[in-house]
Structures are given as C-alpha cells and as structure tokens.
Amino acid sequence: METKKENLTREYIIDAFCKLLVTNGFDKLSVCDIADKAGVSRMSFYRNFKSKEDLVFQLLDNISKELKANIEILEIKNQFTITKEYFEIFKKYNKHFLALLNSQISKTLGETIMEKLKANTPNDYISKTSKYIPIYYFGAMTHVLIEWLEDGMNESTEDMARLICSLNNTASKTK
C-alpha cells in the first residue's frame with residue numbers, strides 16, 4: 001500500500017511530465033528533466049515509474065478515469081451524450097494528445113485510446129450490438145478524434161457528436 005509521501009511523489013512526477021510534455025514534446029523529454037521539474041531524484045522516479053513511456057500510460061489511465069466519471073454522472077446516456085463527452089475530454093487534454101501524436105510513441109497511442117474508449121463505454125450499450133460494431137465504432141472514433149485535434153478543433157464538441165451520430169444513423173439505415 002502506498003504511503004501519502006509515495007502518492008505525492010507520483011503526483012509530482014505526473015504533473016511535471018504533463019507540463020513538460022506540452023512545452024517540450026515527448027521525444028525531447030528525459031527522465032532527468034521530469035525528475036528535476038518534479039523536485040525528486042532519478043531514483044525516486046524509477047521507484048515509481050519504469051520509464052517515461054510508463055507515464056504516458058499513467059496519463060491515459062488518469063484521463064480514462066476522468067472520462068468514465070464524467071459518463072457515469074450523465075443524466076442521459078445515449079450515443080450523442082457519450083460521443084460528446086469523448087470530444088470534451090479530448091478538447092480538455094488537446095495539448096497533451098497533440099504532443100504525443102507528434103512523437104515516436106504515436107502508433108501505440110491510437111491503439112491505447114481505442115481501448116480506453118471501449119473500456120469507458122457502458123457495457124449495456126455495447127452488449128446491445130454485434131461484437132463488430134464496437135470495434136468499428138471505437139476505431140472510427142479514435143481516428144476522427146485525432147483528426148479533429150490536429151485540425152485545431154474548429155467544430156464544437158456538440159457539432160462533432162451530431163456528426164458521429166448522424167453517420168451512425170445513416171449506416172444503420174442501410175441494413
């Protein structure tokens with residue numbers, strides 16, 4: 001069980017990583033940079049994380065938990081509200097995602113985002129569909145979210161959610 005001090009150290013390291021990621025980019029970051037910014041030793045860094053890549057997955061886990069909490073408190077859970085929440089979380093963390101997308105780790109990022117979207121969608125929503133629909137949906141959502149971020153998020157989260165819902169409704173009418 002982590003002590004309060006260990007938990008604070010982890011939080012300082014994650015916070016330093018997030019700040020440096022946005023300003024420096026992932027590829028230019030070193031463990032020493034992160035430890036210095038966090039005010040901890042390299043040994044403390046390695047007691048808490050295996051590598052800077054480990055921090056990427058921690059960041060995505062933190063964002064994923066926030067997304068799940070946001071979806072849980074939605075009064076109405078339907079395709080539009082859940083999709084809008086995806087865009088809201090990507091908008092909130094756009095600088096982090098863009099920094100990661102511009103790095104050498106970006107290939108793994110897309111796969112991880114897809115897994116996190118699926119993990120945070122209510123099971124009853126997924127279970128109502130064929131097993132292939134969620135695979136299609138989360139793959140498409142991941143690519144649309146990334147393209148939207150890279151294009152500067154000119155459309156509102158509501159407009160993007162409406163677009164995705166209309167595309168899905170069009171696809172379901174072709175059956």
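Visitor: How much of the protein chain is buried?

Guide: Of the 175 residues in the protein chain, 43% are buried. Here buried means under 20% relative accessible area, exposed means over 50%, and partly exposed is in between, with a 1.4 Å probe and protein chains only. Please keep in mind that this is a predicted model: local features need pLDDT of at least 70, side-chain atom pairs count only at pLDDT 80 or more, and totals for chains, interfaces and linings use all residues. Residues are numbered from 1 along each chain as its sequence is written, and side-chain values use heavy atoms, with hydrogens and water left out.

Visitor: Thanks. How many helices and strands are there?

Guide: The protein chain has 10 helices and 0 strands. Both are DSSP runs numbered from the N terminus: helices are H or I with at least four residues, strands are E with at least two. The C-alpha trace spans about 60 × 35 × 25 Å along its principal axes.

Visitor: And what share of the contacts comes from residues 24 or more positions apart?

Guide: That share is 66% of the contacts with a separation of 6 or more. A contact means heavy atoms within 4.5 Å.

Visitor: Let's go inside. Which residues have the most contacts in the largest nonpolar core?

Guide: Those are Phe17, Ile34 and Tyr86, in a core of 47 residues. Helices H1 (4-24), H2 (31-38), H4 (52-72), H5 (79-92), H6 (94-101), H7 (106-119), H9 (132-150) and H10 (157-173) each supply at least two residues of this core. A nonpolar core is a set of buried Ala, Val, Leu, Ile, Met, Phe, Trp, Tyr and Cys residues joined through side-chain atoms within 4.5 Å.

Visitor: What does isoleucine 34 touch?

Guide: Leaving aside residues up to four places away in sequence, isoleucine 34 touches Ile13, Ala16, Phe17, Leu20, Leu29, Phe45, Lys52 and Leu55.

Visitor: Which element gives the most to the lining of the largest cavity?

Guide: H4 does, with 4 residues. H4, H5 and H7 each supply at least two residues of that lining. Among the lining residues are Leu60, Ile63, Ile89, Phe97 and Lys116.

Visitor: Switching to charges: how many salt bridges are there?

Guide: The count is 5 salt bridges, each defined as a side-chain nitrogen of Lys or Arg within 4 Å of a carboxyl oxygen of Asp or Glu. One of them pairs lysine 92 with glutamate 66, with the closest N and O atoms 2.5 Å apart. This pair links distant parts of the chain, lysine 92 in helix H5 and glutamate 66 in helix H4, 26 residues apart.

Visitor: Are those two buried or exposed?

Guide: Lysine 92 is exposed at 53% relative accessible area, while glutamate 66 is partly exposed at 22%.

Visitor: What about lysine 84, which residue does it form a salt bridge with?

Guide: Lysine 84 pairs with glutamate 158, the closest N and O atoms being 3.6 Å apart. Lysine 84 lies in helix H5 and glutamate 158 in helix H10, so the pair ties together parts that are 74 residues apart in sequence.

Visitor: And where do arginine 162 and aspartate 159 lie?

Guide: Both lie in helix H10, 3 residues apart, about one turn of the helix. Arginine 162 is partly exposed at 47%, and aspartate 159 is partly exposed at 41%.

Visitor: Last topic, cysteines. How many disulfides?

Guide: The count is 0 disulfides, where a disulfide is a pair of cysteine sulfur atoms within 2.5 Å. Cysteine 18 is in no disulfide, and the nearest cysteine sulfur, that of cysteine 32, is 19 Å away. Cysteine 18 is buried at 14% relative accessible area, whereas cysteine 32 is partly exposed at 32%.

Key: 1 Å grid on protein atoms, 1.4 Å probe; cavity = no way out; pocket = protein on both sides within 12 Å on 5 of 7 lines; lining within 4 Å.
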